[in-house]
Amino acid sequence: PLPPCSAPPAASQLPLPHIFPIPKLGAGQPVAPQRGEHQRRATGTSFPRAQAQRAAGLQAAVASCSAALLPPRGARRPVAIQRGCAINSSARAPMEYISTRGGVGAVDFEGALFSGYAPDGGLFMPRCIPTLDRDTLQRWSRLSYRELVKELCSLFITAELIPRDTLNDLIDRAFSRFRHKDVVHLSRLKDGLNVLELWHGVTYAFKDLSLSCTGQFLQYFLEKKQKHVTILVGTSGDTGSSAIESVRGQKNMDIFVLLPKGLCTQIQELQMTTVIENNVHVFAAPGNSDEIDEPIKELFADVDFVRKYDLMSLNSVNWSRIMVQIAHHFYAYFQCAPSLDTTPLPVVEIVVPTGAGGNITAGCIAQKMGLPIRLVAVVNSNDIIHRIVQHGDLSVSESVKATLASAMDIQEPYNIERIFWLLSGSDSHLTKMLMEQFSVSKSLKLPEDLHRKLSKTLQSCSASDEDIVRAMQRCWENNRYLLCPHSAVAAHYHYSQLDSTPRCCLASASAAKFQDAVLRAGLAVQLPPDITTLTSMETRSIPLEPGQDWAQVLRERIKAVAQRWETRGGQSAPQRQGEVTRQGVTRT
């Protein structure tokens, strides 16, 4: 059995962030691109003997690396190692991005932005992660959240690609639709509970922050080059609506969103299906969030298709989203650190509700940049992240469990690949072997050294639905403050601790989006007008059926939309009759 949410060490005993080496492409034989082998369903799959043999071979290869994650001194390898780059260095190299699997060359920010997975199946990461000195941290501590985002993005986007004044304007434009004047807000509650509200955007979810900026970056490049892209997104609830809002109505972007029918809340689903724009295409699939990811992976594995139709992703595989989310951790630290005048700087614990792992990955990068934070990944009953941290066990369960924190009902947290890459000393060879084995067998035991580094970097906690309800109730009774079920997972961890460590819980969504969970806790929520009107609006979605080849359906629809866009000279065509539904009934 997994241990409960155990008390962490005292703040004075917490380790400062590890300094992980960052790779630079150099001499050595590059790893050849290889198309991933993806199954249509994540669970209950029977693998042919050849796949079983390949899985066994990969397991043996991984085992051989467990004694030492890095090769002996002087050994040849696909990448060379480069230490973190200081931001004040006059010799600072242009920012480049490389794949976690080492099989493709470096790209600039624009190249990483317009990608989903890297062509070799990996995820893009900066070749050099900037390190911040104490003076920079003290100066940044006086900045607003908006200004922090600008400073961080300027480190990862060269002025040659987006001039600094233009970058500032794009970020201001991205946050112009947020309801709170400060964009985000920290609520200081009783019992030492600090809640950073990241949900004041259009869809009441934290993903509005990164996706609104990413949408502006995309539009900037597309307008310069008069180019069209096809965006493909899978969602467990919040990503789809945030992605749609970031690009709706844009003539040079078409977005295709797959949602798990019946597994989102009604409000989450309506926030997607009520957007009647010609460039928005929503598909309702009878499967969970991991299952709808499979056809998306299949399409991105087809390099020729990706290039022909300029396919890209706005899921957190996209580096731009990770980049913006780094600001959450800096702002949380500066708001909750007791003082920046002590030596060493105080440690603040950041508690992160975790699904696909994008936000916790951003925290690991913030650590690498020199921010003295201790990270806690909190999950619901779909506890694969908890099992990885506690036991090094990366294996899917028999099925995804439907929980009150539905946006975290995920068994394949794809951003864990980025964390493996960081903690293994940027070892692309090991990362590739680990992820390919997991792709085939859906089960993996981490090498001991990698697991040891992971457990030093992260703590973890799993919360049941009962834990979520109790945390919501306690927070309301003590503060008259209503948490969403995902934020309540973080509060559950906080309430389980008996120490006085400075701590900040990231609140990922408004409780208004999760009425069922609120009612389950015996509470009530007053819905904002823009949410109450959703039930009376026209809806539009395209149903997918069990047994259908979902990847092929997507291929055909993407081809048709691209053809109509070209023939209309860059204008998206209206949706065909028969694809529109009103409150779930197909219009004919």
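Is Asp499 buried, exposed or partly exposed? Asp499 is partly exposed, with a relative accessible area of 28%. That value comes from a predicted model. A search of the whole structure finds 29 salt bridges.

**Asp499 and Arg503**

- Asp499 forms a salt bridge with Arg503. The closest N and O atoms of the two residues are 3.0 Å apart.
- Arg503 is buried, because its relative accessible area is 2% and buried means under 20%.
- Asp499, at 28%, is partly exposed.

**Bridges between helices H4 and H5**

- The side chains of Asp172 and Arg146 also meet in a salt bridge, at 3.5 Å from N to O.
- Asp172 lies in helix H5, which covers residues 164–174, and Arg146 lies in helix H4, residues 145–156. The pair therefore ties together parts that are 26 residues apart in sequence.
- Asp172 has a relative accessible area of 28%, so Asp172 is partly exposed.
- Arg146 has a relative accessibility of 22%, so Arg146 counts as partly exposed too.
- Another salt bridge joins Glu151 and Arg164, with the closest N and O atoms 3.3 Å apart.
- Glu151 sits in helix H4 and Arg164 in helix H5, 13 residues apart, and the pair links distant parts of the chain.
- Arg164 is partly exposed, with a relative accessible area of 30%.

**Helices H12 and H14**

- Two packed helices are described by the angle between their axes and the distance between the axes.
- Helix H12 spans residues 358–368, and helix H14 spans residues 416–423. Their axes come within 9 Å and cross at roughly 20 degrees.
- That angle makes H12 roughly parallel to H14, because angles under 35 degrees count as roughly parallel.
- The crossing of H12 and H14 is left-handed.
- On the H12 side, the contact is made by Ile360, Thr361, Cys364 and Ile365. On the H14 side, Arg418, Ile419 and Leu422 take part.
- How do the residues of the contact of H12 with H14 divide into nonpolar, polar and charged? Five are nonpolar, one is polar and one is charged.

Note on methods. Residues are numbered from 1 along each chain as its sequence is written. This is a predicted model: local features need pLDDT of at least 70, side-chain atom pairs count only at pLDDT 80 or more; totals for chains, interfaces and linings use all residues. Side-chain values use heavy atoms; hydrogens and water are left out. A salt bridge is a side-chain nitrogen of Lys or Arg within 4 Å of a carboxyl oxygen of Asp or Glu. Helices (H or I, at least four residues) and strands (E, at least two) are DSSP runs, numbered from the N terminus. Buried means under 20% relative accessible area, exposed over 50%, partly exposed in between (1.4 Å probe, protein chains only). Axes are lines fitted to C-alpha atoms, for helices over the stretch in contact, and angles run from 0 to 180 degrees between N-to-C directions. Angles under 35 degrees count as roughly parallel, over 145 as roughly antiparallel, 65 to 115 as roughly perpendicular and the rest as oblique. A crossing is left-handed if the near helix is turned anticlockwise from the far one by less than a right angle, and right-handed if clockwise. Contact means heavy atoms within 4.5 Å. Ala, Val, Leu, Ile, Met, Phe, Trp, Tyr, Cys and Pro count as nonpolar, Asp, Glu, Lys and Arg as charged, and the others, Gly among them, as polar.
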